[in-house]
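Here is a briefing on the structure shown below.

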Amino acid sequence: MRVLVTNDDGIDSPGLTVLVRAALDLGADVVVAAPARESSGASAALLGAEHDGRLLVERKDPPGLPAGVPSFAVRATPGLIAFVAAYGGFGPKPDLVLSGANRGANTGHAVLHSGTVGAALSAATHGIRGLAVSVADAHPQHWETAAAYTSHVLQWMIGRPPTPDRVVNLNVPDRPPAQVRGLREAPLAAFGAVQAGIREVDHGNLMLTYSDVEVTREPHTDAGLLARGWATVTLLRAPCFDADAGLPQLDGPLLPG
């Protein structure tokens, strides 16, 4: 099994090594390709820095990377990195993309904006399975917890028939393993762990602010369960055609009148 490990926190994040070790434990052939700089909020954008038509790539290792694992810092968003990997840009096309482990939760419908999730969704559009992993703290102290739950979910994934149009989104509390309440399948919260607000400050300028969402507001969603100490797992669908939508159609031209 060929695995690409990427993220949106950048090549200097220790969360990359968490996923690398989980993949190596499965006997996978692993390559790391992560943004040279933080790309949080990049979604699945296909943005990169080029020089004379060449994407800028250099060899660089994240902290604690095991010996023998090739690793690249790429001047690109995680979505573009997954896209390039699908076309053999970092060796053979991967069978699986692991994205993260992210510093901070990726919950609710706000996952639309996540570069961590965006990399997995980008891979899924090319027939590659994806797992996005996030830790619910901006400065995680318990990477071993993320490692344990990543390995558990990976075992579940590889034991099932491939579903390349689906992406697994895993969120883990930043707690010692013994203090996590367990793992729960969870629906997406209305937005996420935080709620955005916009107000006008002066001369038409707008200020964007964020505040924590009350845990009791959506207690059975991914954001609510995560805040109460559960690890959560959610299956996301990559963009696809809905044949049952019943959209309007016409035979012949539509003429003004």
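Leaving aside neighbours within four places in sequence, Val5 is in contact (heavy atoms within 4.5 Å) with Leu16, Leu19, Val20, Val30, Val31, Val32, Ala33 and Leu98. This is a predicted model: local features need pLDDT of at least 70, side-chain atom pairs count only at pLDDT 80 or more, and totals for chains, interfaces and linings use all residues. Residues are numbered from 1 along each chain as its sequence is written, and side-chain values use heavy atoms, with hydrogens and water left out.

**Nonpolar cores**
- A nonpolar core is a set of buried Ala, Val, Leu, Ile, Met, Phe, Trp, Tyr and Cys residues joined through side-chain atoms within 4.5 Å. Buried means under 20% relative accessible area, exposed over 50%, partly exposed in between (1.4 Å probe, protein chains only).
- The largest nonpolar core has 34 residues. Val3, Val5, Val30, Val32, Leu98 and Leu131 have the most contacts inside it.
- Two or more residues of this core come from each of β1 (2–6), α1 (15–25), β2, β7, β8 (129–135), α4 (143–158), β9 (166–172) and β13 (231–237). Helices (H or I, at least four residues) and strands (E, at least two) are DSSP runs, numbered from the N terminus.
- A second, separate core has 15 residues, including Val31, Phe72, Ile81 and Val97.

**Helix pair α2 and α3**
- The axes of α2 (residues 78–86) and α3 (residues 115–124) come within 7 Å and cross at roughly 25°. Axes are lines fitted to C-alpha atoms, for helices over the stretch in contact, and angles run from 0 to 180 degrees between N-to-C directions.
- α2 and α3 are therefore roughly parallel (angles under 35 degrees).
- Pro78, Gly79, Ala82 and Phe83 of α2 meet Gly115, Gly118, Ala119, Ser122 and Ala123 of α3.

**Ser71**
- Ser71 sits in strand β6 (residues 71–74).
- Ser71 counts as buried because its relative accessibility is 0%.
- Not counting residues up to four places away in sequence, Ser71 touches Ile11, Val32, Glu58, Arg59, Lys60, Asp61, Pro62 and Leu65.

**Backbone details**
- Most residues other than glycine have a negative phi, and most peptide bonds are trans.
- Ser43, a residue other than glycine, has a positive phi near 55°. Ser43 lies in the loop between β2 (29–35) and β3 (50–51).
- With 23% relative accessibility, Ser43 counts as partly exposed.
- The peptide bond from Gly100 to Ala101 is cis, with omega near -10°. Ala101 belongs to strand β7 (residues 96–103).

Methods. Parallel < 35°, antiparallel > 145°, perpendicular 65-115°, else oblique.
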